[in-house]
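Please look at the structure before reading the points.

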Amino acid sequence: KESFLLVPLPSVPPPWPALHTCQGLAPCLPEQGQVNTSGPRLLLTTPHPASSSSAAMDRTVSALLLSLLLLLQSYGVCGAPPQPRGTLCRTKPTDLVFIIDSSRSVRPHEFEKIKVFMSQVIEGLDVGPNATRVGVINYASTVKNEFSLKTYQTKAGLLQAVRRIEPLSTGTMTGLAIQFAISRAFSDSEGARVRSPNFNKVAIVVTDGRPQDGVQDVSARARAAGIEIFAIGVGRVDMHTLRQIASQPLDDHVDYVESYSVIEKLTHKFQEAFCVVSDLCATGDHDCEQICISSPGAYKCACKEGFTLNNDGKTCSACSGGSGSALDLVFLIDGSKSVRPENFELVKKFINQIVDSLEVSEKQAQVGLVQYSSSVRQEFPLGQFKNKKDIKAAVKKMAYMEKGTMTGQALKYLIDSSFSIVNGARPGVPKVGIVFTDGRSQDYITDAAKKAKDLGFRMFAVGVGNAVEDELREIASEPVAEHYFYTADFRTISKIGKKLQMKICIEEDPCECKSIVKFQTKVEDLINSLQQ
């Protein structure tokens, strides 16, 4: 609008802060499905010429603008390393029906969490009559069609309708709800489209209890009708029931969360599931100088062996032939009771995947391992093992502690003992700590987390399941977005290894990190193997 100025800011690496910069009366009009590739914009209000304080306001605005430009220019030089480039995501046209349990076991505040989850999934969709259509079935002892696939044709309409849904608060007739989906929700009269390879039919079932009717036969009929079913279980849900409901492969279609307070953690999974993107590397729609690597919804650039990726994220420079960087790396592993033995084995495998990527020797990488629960136990100190084989064998032998979650005590141990000279740490060698946890700490972490970073330790925080993201951010080094990771499910923890692959490398001279550069080319095979 008149009297507003749109100012391009200097180049800043993504992710950009989620600032709601549309202010005053200026319209904020994002285009549906568009990706911001041109960097952030700052909207400044400027005074009307008739204002009596025009000169003073001009000086104020000018000073503010200059400060911001200087700040962001500095960030552009010294900020976070380049992110994956070419982000692009569009959703395949889909008939999507949510089937949500609102029986008496689902408390009102928990039902609100289901509505938040649905809203976040809808936010990531391309909604429209020729794109994705959404319906919601609410069930307890009876079934209520909240709205059908044809009711709302805009994202805004859907989100408003979701906010108005109220729980029914009686029994749990899951089979009846699925039958309703087959016979009515996915019918032509309710807006469903004729079955075609050009779009999907998807149902997402959310339940927290054992059904009072049968689900196996009716779910089989739904799948036979071409409906892909995802089953999400919460709390005391019967896992056998979820497996009877869901489509194959079950690992991709069955999810469990311990409480409704963390159900929205699954949002990202479903946003990825609905994302359909062509292979940008194969089509040549990229600007990588040497190697283009495709991933769901994006691509990133890499370099051939002997080269390192420059800060622009696309060009490469020849390395000087270094043979690996000196690095003291300590894993701090949560062995509390909530992790469970089968998940603890996945964490051990993940540790060994990272160890495989390092050049281990007295002059290069050293690895230490600490496990904690209600107490702290050093599994082995830095430098005890001189090669990967011995480190991996020791990791495999690590016994599961169980009991509590004293993350603060473990961080203090890391500072006082793990990175001490008496325990193998080398003076002048960069120190990296990787903290794994799956729940809220039972003690105070703030002081120890701050001290670790003040001492120059580079701290990564990895959370799974019920981990508290505020605590992960408190542990992580700056920039926090580059040093903390979260996944709702232990089965997907291996994907974090892909994000950590280049971050462990010492930034001062990437060419020195030969082992991590090699890891970039083999990580896909390693992750696929671990997922299998």
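The points below cover the sheet, a helix packed on the sheet, and a pair of helices.

The model is predicted, so local features need pLDDT of at least 70 and side-chain atom pairs count only at pLDDT 80 or more, while totals for chains, interfaces and linings use all residues. Residues are numbered from 1 along each chain as its sequence is written, and side-chain values use heavy atoms, without hydrogens and water.

**The sheet**

- An open, mixed sheet is formed by 6 strands in the order β6-β5-β4-β7-β8-β9; strands (E, at least two residues) and helices (H or I, at least four) are DSSP runs numbered from the N terminus, and two strands pair if DSSP finds at least two bridges between them.
- β6 (143-147) and β9 (254-257) are the edge strands, each with a single partner strand, so one side of each has no neighbour in the sheet.
- β7 (residues 200-207) pairs with β8 (residues 227-234) in the parallel sense over 7 bridges, and Lys201 stands opposite Ile227 in β8.

**A helix on the sheet**

- Helix α2 (residues 108-123) packs on the sheet and touches β4 (94-101), β5 (133-139), β7 and β8, where contact means heavy atoms within 4.5 Å.

**Two helices**

- The axes of α4 (residues 174-185) and α5 (residues 216-224) come within 9 Å and cross at roughly 25 degrees; axes are lines fitted to C-alpha atoms, for helices over the stretch in contact, and angles run from 0 to 180 degrees between N-to-C directions.
- Gly175, Ile178, Gln179 and Ile182 of α4 make the contact with Val218, Ser219, Arg221 and Ala222 of α5.
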